[in-house]
Amino acid sequence: AATAEAAGSFVNFEGRLQGYTPVITPGVPIRETGAGDHPPRTFEANTPGSLPRPAWAALQAMLERDDSLATLREQIEAQDSRFTGIAGLDPEGPGVLLSAAGALPAPGERELPHCEPGGTLRLLAVESLFGTEILSSRSAALDQVIPEPRVLVHPDDALRFGLAEGDQARLSTEHAHARVTVRTSAAMAPGLAIVPRLRGTALEQFAAGCGHLDCVLEKGGPA
């Protein structure tokens with residue numbers, strides 16, 4: 001069954017578990033069952049075309065089980081802490097933000113992770129709205145909105161490396177280096193550096209989602 005025809009849940013790009021409920025009942029339209037004429041005068045308990053089921057219901061049928069969705073969610077939550085919150089999932093609510101260890105506390109109850117300050121920064125590569133995806137990176141019409149190669153750090157970390165907002169810097173890791181513009185934000189976790197993966201630049205070699213690298217920043221210097 002399509003999403004609009006079923007109830008279930010999914011995890012979005014943010015890692016937020018969200019529920020959904022059916023908005024239409026699956027079935028073949030009368031104009032098709034009647035072939036343009038009066039619909040068939042056949043009395044059945046099921047709606048023609050209503051055989052498609054949600055994936056979870058189809059799997060249950062193969063396992064010869066008939067648990068309700070609510071029961072399944074309770075069992076999932078009890079057996080796997082990563083799905084904490086799924087049993088009470090409200091389709092009209094914002095969902096539950098998950099982590100590898102289970103549901104995260106509410107935003108006001110948690111602190112930002114802080115990296116250990118020292119001689120290096122933890123470098124994370126992320127996707128950019130423009131410039132990472134191959135089609136947008138090769139579209140001349142979007143050149144003006146593709147960001148310049150840059151690194152985002154906490155102001156205290158920039159100061160520690162003798163850098164300021166807008167400075168040109170050399171970013172070096174054990175594998176490679178790149179020339180970047182320094183951008184600062186007080187909302188950054190100290191000890192962390194973030195770069196957008198931009199195709200056609202030295203930052204293309206840093207793959208998003210592959211963990212972190214230790215890096216250092218040097219003011220100026222060759223690219």
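This is a predicted model: local features need pLDDT of at least 70, side-chain atom pairs count only at pLDDT 80 or more; totals for chains, interfaces and linings use all residues.
Residues are numbered from 1 along each chain as its sequence is written, and local features need pLDDT of at least 70, side-chain atom pairs pLDDT 80 or more, while totals for chains, interfaces and linings use all residues. Side-chain values use heavy atoms, with hydrogens and water left out.

**View 1. The largest nonpolar core.** This core (buried Ala, Val, Leu, Ile, Met, Phe, Trp, Tyr and Cys residues joined through side-chain atoms within 4.5 Å) has 19 residues, of which Val151, Val153, Leu171 and Leu217 touch the most other members. Leaving out residues up to four places away in sequence, Leu217 touches Leu121, Val151, Val153, Phe161, Leu163, Arg170 and Leu171.

**View 2. Threonine 173 in the loop between S7 and S8.** Beyond its neighbours within four places in sequence, threonine 173 is in contact (heavy atoms within 4.5 Å) with Leu123, Phe206, Leu213, Asp214 and Cys215.

**View 3. Leucine 63 in the loop between helix H2 (55-62) and helix H3 (69-79).** Helices are DSSP runs of H or I with at least four residues. With a relative accessibility of 52%, leucine 63 counts as exposed, the cut-off being over 50%.

**View 4. Aspartate 156 in helix H5 (residues 155-160).** Aspartate 156 is exposed, because its relative accessible area is 53%. Although 34 residues separate aspartate 156 from proline 190 in sequence, their C-alpha atoms are 7.3 Å apart in space.

Technical notes: Buried means under 20% relative accessible area, exposed over 50%, partly exposed in between (1.4 Å probe, protein chains only). Helices (H or I, at least four residues) and strands (E, at least two) are DSSP runs, numbered from the N terminus.
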